[in-house]
Amino acid sequence: MRHRLVAVLVVLLGSAPLAQSPQTWSGVISENKCAGSHQAMMASSGMTERECAFHCLKSLAKYVVVDDQQKAIPIANQDFAGLPLRLARPVRVTGTMTDKGIVIARIELPLVHSHIGHVMIAWRDTPGTVGLLTVAISDTRVASAHALLTSKSASLDDLKLHAGHVLHAFDPSVEPKGPASGYGVKKAIAGAVQHVGFAAAAEGASAGVESHAASVTETLNQTDATTDRAIAVAQNIRTATSAEAGATLARELLTLTTEIAAGLDQAQQEMRVMMKAEGL
């Protein structure tokens, strides 16, 4: 009897389905009516891909993942919370494959888009977790305002006060006290350059991302060099021995700060072009 029970258990265990290992798919969240191509509907209606996908879903289409080979893979858990947000967007989907399709456990941006997002949208250690370029531009505005005040200052004390505020905005490690965010343009530019490089090097990065990333990196490196010059000038103002000498340096500081603002604006515009090309 015991041997028969063991044999039955072996048969039952042997026939039990093995747990599916999680897999990851790269592609686009779409719907099964248009799947990977919304061109016909877009041409006749003027809708964007995302608008077309939502229109099809209202007509009882179902969510699918369109992978890199343009194969539409059904999604089993159609009520997964992240689907509407990521519709018609490139994604990495992690889940398990069943006979009804993918059971999604997690939806993430592709690594290339995550790094673009760190530059433009959100980064974990910036004030308010804003994008790295956002904080660089914000702190540069503070520096520009105080560079202007420096250029209008008549007394040596005022010159030194506002030069210190400029230093704080550019690099709080040089001057820890001031009216800017405390993050600093130098640190923000360094982080942006790093993540632009990560985006260009990420698996699946398009030729467009690589090309734009090279241009953005060059712009940011030039802007960083100008920031170093501005820091040196601001430090010289703080050691000036006369208002006349400080005033000459203040005019140079204002010019450099204006150049920094223009460089960051150019980098931001280039990043926006990259994002548009990537459908972000």
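User: Which residues does His-195 touch, leaving out those up to four places away in sequence?

Analyst: This is a predicted model. His-195 lies in helix 8. Leaving out residues up to four places away in sequence, its contacts are His-115, His-118, Val-119, Trp-123 and Leu-132.

User: Is His-195 buried or exposed?

Analyst: The cut-off for buried is under 20% relative accessible area. His-195 has 5% relative accessibility, so it counts as buried.

User: Which helices do the buried residues of helix 8 pack against?

Analyst: The buried residues of helix 8 include Val-185, Ala-188, Ala-192 and His-195. Lys-186 is also one of the buried residues. The buried residues of helix 8 pack against helix 5, helix 6, helix 7, helix 9 and helix 10.

User: How far apart are the end C-alpha atoms of helix 8, and what span should its residues give?

Analyst: Helix 8 has 17 residues. At 1.5 Å a residue they should span 24 Å. The end C-alpha atoms agree with that, being 24 Å apart.

User: Is helix 6 roughly parallel or roughly antiparallel to helix 8?

Analyst: Helix 6 and helix 8 pack at an angle of about 155°, and their axes are 8 Å apart. Angles over 145 degrees count as roughly antiparallel. So helix 6 is, relative to helix 8, roughly antiparallel.

User: Which residues of helix 8 make that contact with helix 6?

Analyst: Helix 6 contributes Leu-132, Val-135, Ala-136, Asp-139 and Thr-140. Leu-132 is also one of the residues that His-195 touches. From helix 8 come Val-185, Ala-188, Gly-191, Ala-192 and His-195.

User: What is the handedness of the crossing between helix 6 and helix 7?

Analyst: Helix 6 and helix 7 pack at about 165°, with axes 8 Å apart. That makes helix 6 roughly antiparallel to helix 7. Among the residues in contact are His-146 of helix 6 and His-162 of helix 7. As helix 6 passes helix 7, the crossing is left-handed.

Notes. Residues numbered from 1 in each chain as written. Predicted model: local features only at pLDDT ≥ 70, side-chain atom pairs only at ≥ 80, totals over all residues. Heavy atoms only, no water. Helix = DSSP H or I, 4+ residues; strand = E, 2+ residues; numbered from the N terminus. Expected span 1.5 Å × (residues − 1). Buried < 20%, exposed > 50% of the residue type's maximum accessible area, 1.4 Å probe, protein only. Contact = heavy atoms within 4.5 Å. Axes fitted to C-alpha atoms, helices over the stretch in contact; angles between N-to-C directions. Parallel < 35°, antiparallel > 145°, perpendicular 65-115°, else oblique. Left-handed = near helix turned anticlockwise from the far one by under 90°.
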